[in-house]
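Here are my notes for your next look at the model. Please keep the structure open while you read.

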Amino acid sequence: MNRKLKISFIAAGVLITPVLLSPFPRFRAPLSTVVEAKDGTLLGARIAGDGQWRFPGNDSVPYKFEKALLTFEDKYFYVHPGINPVSVIRAVKSNIKAGEIVSGGSTITMQVARISRGNRSRTYSEKIIEMLSAIKLELFRSKKEILKMYAANAPFGGNIVGLEAATWRYTGKSSADITWAEASALAVLPNSPALVFPGKNQELLKLRRDNLLRILYKKEYFDSTTLVLALDEPVPGEPKQLPVTAPHLTDYFYKHNKGEMIRSTIDPEIQERANEIISAHQKELSGNFINNSACIIIKAETGEVLAYVGNTTTGNTGENGEDVDIIRARRSTGSILKPILYAGMQKSGEILPNTIIADVPTRFPGFSPKNFDQSFSGAVPASSALSQSLNIPAVKMLQKYTPERFLDLLRKTGFLTFNRSGDYYGLSLILGGGETSLWELAGVYASLSRVLNNYNSENKYYREDYHQPLLTAAENLEAEKTEDPDPPLSASSVWLTYEALKKVNRPESEAGWQYFSASGNLAWKTGTSFGFRDAWAIGTTPEFVIGVWAGNADGEGRPGLTGITAAAPILFDLVGMMGTKGWFKEPSEDLTMIKVCSRSGFRAGPGCPETEEVMACISGLRSEACPYHKMIHLDKNRLMQVTADCYPAADIRNEYWFILPPAMEYFYRQKHPEYRVPPPAAPGCVADRNIPVMEFIYPTSGIKIFIPRDQSGLLTRVIPEIAHRNPSKKIFWHLDEEYIGTTRFIHQVEILALAGSHILTAVDEDGNSIRCTFTVTGITE
Ligand SMILES: [Zn+2]
């Protein structure tokens, strides 16, 4: 190596080594969590871990701020190598003159280096380190990146750090939207934040800002009109409070995406209006000590959340559980799952839309469901049972479908909170025995509406159509979708369910009548949990799903807290705000016309005299034929039942008769005067065994009964009950072949059965008999 080259290398080494050894400016301070709406509107933010408002950095520094900043602080930023020799020499001179450091002569790059070192005291050695670090930064980072580092970390007075936090707190908007006057005021601030703290030294701040504005005007960044208007703008005052438009959503992101800037799916206008609607209703609810309510609005097509009101915000945080994010809280479902069961049974072909379901007093061990209005209709079409939210038909339906299958269906449609076995929940699952959240519930309805819409446009089912609501923009909307050969629910089953839910006109109590008119193009359902603790309302249109909850976050029940009185009014105001546009298209490819019995709604059998056609799932073609039109044999006057053993065969008249089982008949007759009880057996004739005259309401054959001791320590008793077609007939009761009593009109007895299997027999005065076996599985000792 020649000598000159060697010396050059050594010289370069001598110069470069201190630069390379100097600290590289890095920023590791914690960041605020910032939540924006889908258009960038700030919804809320949480302060960083060190008590500073330091927003996550923007992708670029706004033009106006850059021009204002560089004009004020560092005119040669784009040409100097990190330090500006001219201003350094000028600074050294003035510092020597003053005997202390009064001027920094700092470039933006040096200021970045200084801020990264925590704004240490101004000494010559510190200054040298800053310069070396600045040169190092210039070697490894572009000018734009250095500018971004400055904008993200410059102090703006108090605990406000960085341009983005500063513009929000001083101007109430994003840095992208600032004016020349605001950009100039903000460019002046970091230079000496203590001296020009907004709100304290307004005049000095205005003076400096206006000077800067005039220089910018001279440099022709804007015209004279802009200058006049800019000089007229007030300077920033006290820092403003940040918006609190979606506090529970902000909390959610604070927990899951701390220190990030989140661009959410929220529509700021819908969010604001949903907040207003919740607040307006909360005033009324509070009158009844119902302190909390929440709502979520989801766009069905994508699952994007448009509004997230996690709770009421009267400002009494800490009181009344307003901190609780109700949208995520698990609460008893009440009746809100009934539509899913109805849809499941339509899809499997187990029922048709108007198949009648028993609505009679029903008891299960430890569980006796009641309808909300305490009445029974005997038998009711499944669709009406759903729209009126009758409990007993729902339990009867679940008994047929089984809790295990229903849980499987719930999980497949997107309910993840039901994580116990079918035995654990039992039949009460359909009445609120399990818990879900508004988040899941609204998510499932959005999935179902999506499935129906997508089927209508593509005639296909996709696995990806079922998903949780989205809070940030969907990334893979265009991604390849997987066809689902066996979807949890079919388009026709969802459509039939929505059709039934459109007709909701007497949900749980008469009180909802005033909302009929609003519900034309809306499938909706309410739910009330046991003990009036939770009021739910869910509604869907082809475009969006709205879920509402009202109650007390601490779980306290209130009389009158029902889905229809507390949650439905909020739902309808939200629906009014969103507007409804038309109804779901009928999935005709997935539907078929089925001939049904006009009286039972079952597939028409040979004996059904009147039939009609209904739209149903194709699987409904395999559904059970009408079991209630039975052939009976009558005498020639058709007044009594006879058999060939007691009556001339030639005179027997055969007739199909609509016959309900005794318990159903008892209640059905009261509401259906057209119902004709089958004629009695003629004297000397034995009644037709195929047409029972009585049946057990409790126990049902084969059940296992667990008998606890009551509070006084005595064993509680089993109370069997029978419905007789003619209640005035006497019934003689036998337990394990031993006579235990006679009943008339009210056919109930009280028995004390020991552990083990038992046979209960009942014989009426005409000699008709029924029996049932049951097992007492355990007695608590
Ligand atoms: Zn029939």
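This is a predicted model: local features need pLDDT of at least 70, side-chain atom pairs count only at pLDDT 80 or more; totals for chains, interfaces and linings use all residues.

The points below cover a metal site, a sheet and some aromatic pairs.

1. Zinc donors. Which protein atoms are the donors of the zinc ion? They are the SG atoms of Cys597, Cys608 and Cys626, plus ND1 of His629. They lie 2.1 to 2.4 Å from the zinc ion. In sequence the donor residues follow the spacing C-x10-C-x17-C-x2-H.

2. Zinc geometry. The 4 donor atoms subtend angles of 102 to 118 degrees around the zinc ion, so the arrangement is tetrahedral. The cut-off for that label requires all angles to lie between 85 and 135 degrees. For reference, the ideal angle for four tetrahedral donors is 109.5 degrees.

3. Cysteine 608 and histidine 629 link distant parts of the chain, 21 residues apart. Cysteine 608 sits in the loop between β15 (591-597) and β16 (611-617). Histidine 629 belongs to strand β17 (residues 629-634). Both cysteine 608 and histidine 629 are buried.

4. A sheet of 3 strands. The sheet is open, its order is β2-β1-β5, and its pairing is mixed. Strands β2 (42-46) and β5 (261-263) stand at the edges; each has a single partner strand, so one side of each lacks a neighbour in the sheet. From one strand to the next, the twist averages 15 degrees.

5. Inside that sheet. How many bridges join strand β1 to β5? There are 3, and the two strands run parallel. Strand β1 covers residues 33-36. Valine 34 has methionine 261, in β5, as its bridge partner.

6. A helix across the sheet. Helix α11 (residues 247-256) lies across β1, β2 and β5. Helix α11 runs at about 50 degrees to β2.

7. Aromatic pairs. The count comes to 22 aromatic pairs. In one of them, the ring centres of phenylalanine 415 and phenylalanine 418 are 5.8 Å apart and the planes are at 70 degrees, so the pair is edge-to-face. Phenylalanine 415 is buried, at 0% relative accessible area. Phenylalanine 418 is also buried, at 1%.

8. A longer-range pair. Tyrosine 498 and phenylalanine 584 form a tilted pair, 5.0 Å centre to centre with 45 degrees between the planes. Tyrosine 498 lies in helix α19 (residues 491-502), and phenylalanine 584 in the loop between α20 (563-578) and β15, so the pair ties together parts 86 residues apart in sequence. Tyrosine 498 and phenylalanine 584 are both buried.

9. An aromatic cluster. Ring pairs link Phe602, Tyr628, Phe658, Tyr668 and Tyr675.

Key. Residues are numbered from 1 along each chain as its sequence is written. Side-chain values use heavy atoms; hydrogens and water are left out. Donors are N, O and S atoms within 2.8 Å of the metal (3.2 Å for Na, K and Ca); water is not among the atoms, so sites may look incomplete. Four donors count as tetrahedral if all angles lie between 85 and 135 degrees; four count as square planar and six as octahedral if opposite donors are over 155 degrees apart and all others between 65 and 115; anything else is irregular. Helices (H or I, at least four residues) and strands (E, at least two) are DSSP runs, numbered from the N terminus. Buried means under 20% relative accessible area, exposed over 50%, partly exposed in between (1.4 Å probe, protein chains only). Two strands pair if DSSP finds at least two bridges between them. Axes are lines fitted to C-alpha atoms, for helices over the stretch in contact, and angles run from 0 to 180 degrees between N-to-C directions. Contact means heavy atoms within 4.5 Å. Rings of Phe, Tyr and Trp (its six-membered ring) pair if their centres lie within 6.5 Å; planes under 30 degrees apart count as stacked, over 60 as edge-to-face and the rest as tilted.
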